[in-house]
Amino acid sequence: MKFFDVLIVGGGVAGMQCALVLGSAKDKEYAKDKSVGIITHQRASHLQNAKFNNVLGLPKGTLGEDILSEGKRQLTETYSSIIQIENEKVLKVEETKDGFKLITNKSFYESKKVVLALNYAKPFEIKGLEKFVIQHKRANPAKDRIQLKNDNFLIQENLFVCGTIAGVRSQFAIAAGSGASVATDILTIWNDNIPTKVHDKA
């Protein structure tokens with residue numbers, strides 16, 4: 001069993017952006033001893049079939065499937081301290097005295113904090129979290145999408161959510177921003193609740 005300070009569930013745009021921001025703080029005093037992991041294979045991402053012309057910084061025609069593969073490579077090469085867990089699906093989340101236990105189809109992990117970064121499609125199949133599932137507040141009702149109840153991306157203490165499952169619209173920049181927001185919230189907690197962000201510098 002592996003122990004984490006933060007374990008992200010979902011390797012789409014929100015989850016990967018959250019992991020990248022957490023990784024970028026690896027040399028900060030408040031974060032240098034923290035262990036972070038991301039379970040990148042949860043379910044098929046809507047990003048796989050996307051094509052982007054309206055995202056700042058992405059060349060016209062960028063494919064979502066390329067972003068997914070490039071994101072994993074970027075995380076590996078730039079922030080290798082972030083542990084990527086592939087080919088596992090979270091089946092159940094249980095509260096423990098120190099945080100949460102995540103049971104997958106192959107193993108189980110414990111983490112002080114968990115970030116759920118999933119898409120908003122039905123069905124929601126992670127046991128232990130059913131009580132938080134509600135109708136998505138910003139999606140077209142005809143699509144019958146879901147979200148997890150949260151207050152500014154916080155479901156309950158040490159349990160965060162980002163991406164469309166947090167209730168944000170299915171727009172690349174919005175989903176990515178929600179992942180970055182959650183990451184900086186976690187960094188703020190680690191930094192004795194001093195409002196914290198990380199800017200890369202040359």
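This briefing walks through the cores, strands, helices and cysteines of the structure above. Please keep in mind that the model is predicted. Its largest nonpolar core holds 53 residues, and strand β8 (residues 108-116) pairs with β1 (residues 2-9) in the parallel sense. The count of disulfides is zero.

**Nonpolar cores**

- A separate core of 10 residues lies apart from it, and its members include Val13, Leu47, Ile67 and Ala175.
- Tryptophan 190 is in contact with Asp5, Val6, Leu22, Tyr30, Ala31, Lys34, Val36 and Lys113, once its neighbours within four places in sequence are left aside.

**Strands around β8**

- β1 and β8 are joined by seven bridges in the parallel sense, and across this pairing isoleucine 8 stands opposite valine 115.
- Valine 115 also stands opposite phenylalanine 160 in β12; the pairing of β8 with strand β12 (residues 159-161) is parallel and has three bridges.
- Strand β7 (residues 99-104) runs antiparallel to β8, with four bridges between them.

**Helix α2 and its buried side**

- Helix α2 (residues 64-78) has 15 residues and spans 20 Å from its first C-alpha to its last, close to the 21 Å expected at 1.5 Å a residue.
- Buried residues in α2 are Gly64, Ile67, Leu68, Gly71 and Leu75.
- These residues sit on the same side of α2, because they cover an arc of only 100 degrees around the axis.
- The partners they pack against are α1, α3 and the strands β2 (36-39), β3 (51-52), β4 (62-63) and β5 (83-85).

**Glycine 37 in β2**

- Glycine 37 lies in strand β2 and counts as buried because its relative accessibility is 0%, under the 20% cut-off.
- Not counting residues up to four places away in sequence, glycine 37 touches Phe4, Val6, Leu7, Ile8 and Ile83.
- Between glycine 37 and tyrosine 120 there are 22 Å in space, C-alpha to C-alpha, and the two are 83 residues apart in sequence.

**Threonine 188 in α3**

- Threonine 188 belongs to helix α3 (residues 172-190).
- With a relative accessible area of 15%, threonine 188 is buried, since the cut-off for that label is under 20%.
- Leaving out residues up to four places away in sequence, threonine 188 touches Asn193, Ile194, Pro195 and Thr196.

- Cysteine 18 is in no disulfide, and the nearest cysteine sulfur to it is that of cysteine 162, 5.2 Å away.
- Seen from cysteine 162, the closest cysteine sulfur is in cysteine 18, and the 5.2 Å between them is too far for a bond, because a disulfide needs the sulfur atoms within 2.5 Å.
- Cysteine 18 is buried, at 0% relative accessibility, and cysteine 162 is buried with a relative accessible area of 0%.

Terms used: Residues are numbered from 1 along each chain as its sequence is written. This is a predicted model: local features need pLDDT of at least 70, side-chain atom pairs count only at pLDDT 80 or more; totals for chains, interfaces and linings use all residues. Side-chain values use heavy atoms; hydrogens and water are left out. Helices (H or I, at least four residues) and strands (E, at least two) are DSSP runs, numbered from the N terminus. Buried means under 20% relative accessible area, exposed over 50%, partly exposed in between (1.4 Å probe, protein chains only). Contact means heavy atoms within 4.5 Å. A nonpolar core is a set of buried Ala, Val, Leu, Ile, Met, Phe, Trp, Tyr and Cys residues joined through side-chain atoms within 4.5 Å. Two strands pair if DSSP finds at least two bridges between them. The expected span of a helix is 1.5 Å times one less than its number of residues. The arc is that of the directions from the helix axis to the C-beta atoms.
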